[in-house]
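Let's take a walk through a protein together. Have the sequence and the 3D view at hand, and look up each spot as we reach it.

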Amino acid sequence: YVYDGDTVEVDMNGIPEKIRLIGVDTPETHKPNTPVQCYGVLASEFTKSHLEHKSIRLESDEINQDRDRYGRLLRYAYTEEGILWNSELIRLGYGRALLVFPFTKSVEFESIEKTAKANNIGLWASCQ
């Protein structure tokens, strides 16, 4: 199940587990007392079209915590085709690199964001 562009729920051996994608922040669509943000619906739909009802491989980060303050697992998500979904969202302008917490791919994600921003891809072309 896809909550929004950067949060999904997976079936882990019969147990539903909410996953927050490490290092990426997509515009909000379901945050209480927050209006739907520019590109939020598009980011949610994009993740839904590529991940919902599909198998993904989850990977933790050795320098990031296991769960966030909301109890969600913090993970990298790889598609069946081997695409790292976290960075794909940034590369295609559906989200920004979230660099406030340490993670091993932070330099890579920051570089991907700079390229997307410089090329006015996705939200960088459409949102203030």
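## Ground rules

One term comes up again and again: a residue is buried when its relative accessible area is under 20%, exposed when that area is over 50%, and partly exposed in between (1.4 Å probe, protein chains only).

What you're looking at is a predicted model, so local features need pLDDT of at least 70 and side-chain atom pairs count only at pLDDT 80 or more, while totals for chains, interfaces and linings use all residues. Residues are numbered from 1 along each chain as its sequence is written, and side-chain values use heavy atoms, leaving out hydrogens and water.

## The big picture

The protein has four helices and seven strands. Here helices (H or I, at least four residues) and strands (E, at least two) are DSSP runs, numbered from the N terminus.

How is the overall size described? The C-alpha atoms fill a box of roughly 40 × 30 × 30 Å, taken along the principal axes. The radius of gyration (taken over C-alpha atoms; the globule rule is 2.2 Å times the number of residues to the power 0.38) is 14 Å, which agrees with the value near 14 Å for a compact globule of 128 residues.

Of the 128 residues, 45% are buried. The protein exposes about 7,500 Å², with carbon and sulfur atoms supplying 49% of it; this area comes from the Shrake-Rupley method with a 1.4 Å probe, and for residues only the protein chains shown count as cover. Now for contacts, meaning heavy atoms within 4.5 Å. Among those between residues at least 6 apart in sequence, 56% join residues at least 24 apart.

## The nonpolar core

A nonpolar core is a set of buried Ala, Val, Leu, Ile, Met, Phe, Trp, Tyr and Cys residues joined through side-chain atoms within 4.5 Å. The largest one here has 28 residues, and Leu21, Tyr76, Trp85, Leu89 and Phe109 have the most contacts inside it. At least two core residues come from each of β2 (7–12), β3 (15–21), α1 (40–51), β6 (73–78), α2 (85–91), α3 (106–118) and α4 (123–126). The biggest giver is β6, with five residues.

Not counting residues up to four places away in sequence, Leu21 touches Gly5, Asp6, Arg75, Ala77, Trp85, Asn86 and Leu89.

Asp6 is buried, with a relative accessible area of 4%. A polar atom of its side chain lies 2.8 Å from the backbone nitrogen of Thr26. That's a polar contact: a pair of N or O atoms within 3.5 Å, where, within protein, one must be able to donate a hydrogen and the other to accept it, and residues adjacent in sequence count only if both atoms are side-chain atoms. Beyond four places in sequence, Asp6 is in contact with Ile19, Arg20, Leu21, Val24, Asp25 and Thr26.

Asn64 sits in the loop between β5 (57–59) and β6, and counts as buried at 16% relative accessibility. A polar atom of the Asn64 side chain is 3.0 Å from the backbone oxygen of Pro102. Leaving aside neighbours within four places, Asn64 is in contact with Ile22, Leu74, Phe101, Pro102 and Phe103.

## The disulfide

Which cysteines are joined by a disulfide? Cys38 and Cys127 are, with S to S at 2.0 Å; a disulfide is a pair of cysteine sulfur atoms within 2.5 Å. The pair links distant parts of the chain, 89 residues apart: Cys38 is in the loop between β4 (24–25) and α1, and Cys127 is in the segment after α4. A search of the whole structure finds one disulfide.

The torsion about its S-S bond is about -80°, so this disulfide is left-handed. Cys38 is partly exposed at 41%, whereas Cys127 is buried at 18%.

## Two residues with positive phi

Tyr39 has a phi near 80°, a positive value in a residue other than glycine. Tyr39 lies in the loop between β4 and α1 and is buried, at 18% relative accessibility.

His53 also has a positive phi, near 65°. Is His53 buried or exposed? His53, in the loop between α1 and β5, counts as exposed at 79% relative accessibility.
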